[in-house]
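Here is a short tour for anyone meeting this structure for the first time. Have a look at the model, then read on.

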2 protein chains.
Amino acid sequence: MDGDADPGTVRPGGRTARVRAAVLRATGDTLAEQGFAHLDLADIARRAEVGKTTVYRRWGTVTGLVADLLTDMAEQSLPRTETGSLLGDLTANARLVRRTLTDPRQGALFKAVIAAATCDPRTAEALHRFYELRIQEWAPCVQQAIDRGEVPEGTDPHEVIRAVSAPLYYRLLTSGIPLDEAAADRAAEAAVAAARAGAYA
Amino acid sequence: MDGDADPGTVRPGGRTARVRAAVLRATGDTLAEQGFAHLDLADIARRAEVGKTTVYRRWGTVTGLVADLLTDMAEQSLPRTETGSLLGDLTANARLVRRTLTDPRQGALFKAVIAAATCDPRTAEALHRFYELRIQEWAPCVQQAIDRGEVPEGTDPHEVIRAVSAPLYYRLLTSGIPLDEAAADRAAEAAVAAARAGAYA
């Protein structure tokens, strides 16, 4: 019915995964180019070259689509780097966040989903889950630093990881100042200094 | 023509100021209740009980209106507190930011203007100016801390002030975790510890 099935040549799982990939790519592209206000399921289906019925049946609403995109972004995001020191680990994290936010497509996409989350509770939930997963991915480096005696016992790993990202997102959203590597390195350095002083214990 | 003038009883300056106050209040209320997407000059004029022509002539566009609202918010915002120590001053600042962001109307309003700024360059410029002014208002407390020897020479006052707000905005926009006073106090404490360690020098 949708005109995009080709059951003779493709495994069902493979086709489903390819349809999802195409739809989420089209969703991300549209968000990055035009923001959340212009998102429309029929446009996405056209752009993804996928039947409209498939998109409506599978994602239902624009917010359902954005929630699934955020799930995919969490699944696709890079695993943490282990360098042997808290400053090394957090610097790697800060530089990864900076690279993501300064990438033209990814940066615009993150701005769009943060904006969308301010006015839609389902998108907000999906966004919170995305950040929770990213924080969970990186939190063990703080536990390792506690074990090595680099930071005090009782330091909250999640708070330390959030402290690295916070100045980068704040700069992106509230200032016109470029997000350079020095800003990333400073964010990591400040988080380590504050953690050492016991600010997150 | 507008039907809202009453030249016999009101000074011209007073009337102009009152019209602006009514229009900006209506703009803020609408943004806080419905977000940026629903802003409409004619609706604002109706809500403010001001002639439509006046609103179109004076503000021209929705982005012009939001820019003026941000100018007014910067003018209206509270002066900094002086407590005699950097931790005291930054704690006062962090608590003020937290009070603003957890106030139902103000919090929703800030979310709405940050969202609007992600998709409109003029709103972004006005938002950046708002934060620049707020940072300038508070920066002298860091210079005083440098003079008192609390933090190293060459510490960037603007970076320290930004470091106080960043975790509070990050929490507001990317997590569902309530913005409590402990978060404000921790933001101030972390900024002081990082500044002392020379992270902003």
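## Where the two domains of chain A meet

Let's start at the interface of domain 1 of chain A and domain 2 of chain A, where two residue pairs are in polar contact. On the side of domain 1 of chain A that touches domain 2 of chain A, the residues sort into three nonpolar, two polar and three charged. Keep in mind that this is a predicted model.

The same interface also has two salt bridges. A:R20 pairs up with A:E75 in a salt bridge, with 3.8 Å between the closest N and O atoms. As background, side chains of opposite charge can pair when their charged atoms come close.

## How the domains are laid out

So what are the bounds of the two domains in chain A? The domain assignment puts domain 1 at 1-60 and domain 2 at 73-196. Eight residues from domain 1 of chain A and seven residues from domain 2 of chain A take part in the contact. Taken over C-alpha atoms, the centres of domain 1 of chain A and domain 2 of chain A are 30 Å apart.

Together, domain 1 of chain A and domain 2 of chain A bury about 620 Å² between them, and carbon and sulfur atoms give 66% of that area. Over on the domain 1 side, A:L31, A:A32 and A:F36 lose the most area to domain 2 of chain A, and together they make up 66% of what that side buries.

## What the records say

Two stretches of chain A carry UniProt annotations, both from an unreviewed entry. According to that record, "domain: HTH tetR-type" covers residues 17-77 of chain A. In the model, residues 17-77 of chain A are 80% helix and 0% strand, with 17 Å between the end C-alpha atoms.

The other annotation in the record, "DNA-binding region", covers residues 40-59 of chain A. Residues 40-59 of chain A are 80% helix and 0% strand, and the end C-alpha atoms of this span lie 12 Å apart.

## Chain A against chain B

Now for the interface between the chains. Here, 29 residues of chain A are in contact with 29 residues of chain B. The area buried between chain A and chain B is about 2,700 Å², with carbon and sulfur atoms giving 70% of it. Which three residues supply more than any other three of the area that chain A buries against chain B? They are A:Y170, A:L173 and A:T174, with 23%.

There are four salt bridges across the interface of chain A and chain B. A:R171 forms a salt bridge with B:E159, where the closest N and O atoms are 3.3 Å apart. Eight residue pairs are in polar contact between chain A and chain B. On the side of chain A that touches chain B, the elements giving two or more residues are α6 (104-119), α7 (121-138), α9 (157-174) and α10 (181-196) of chain A. α9(A) gives the most, with 10 residues. By class, that side of chain A has 16 nonpolar, seven polar and six charged residues.

Counting over all chains, the structure holds 27 salt bridges. One more to look up is A:E181 with A:R95, whose side chains meet in a salt bridge at 3.5 Å, N to O. A:E181 sits in helix α10 of chain A and A:R95 in helix α5 (residues 86-102) of chain A, so this pair ties together parts that are 86 residues apart in sequence.

Notes. Residues numbered from 1 in each chain as written. Chains lettered and ligands numbered in written order. Heavy atoms only, no water. Domains from an automatic or database assignment. Contact = heavy atoms within 4.5 Å. Buried area = accessible area lost by both parts, 1.4 Å probe. Polar contact = N/O pair within 3.5 Å; in protein donor to acceptor, adjacent residues only side chain to side chain. Nonpolar A, V, L, I, M, F, W, Y, C, P; charged D, E, K, R; others polar. Helix = DSSP H or I, 4+ residues; strand = E, 2+ residues; numbered from the N terminus. UniProt positions renumbered as here; feature names shortened; annotations may be inferred.
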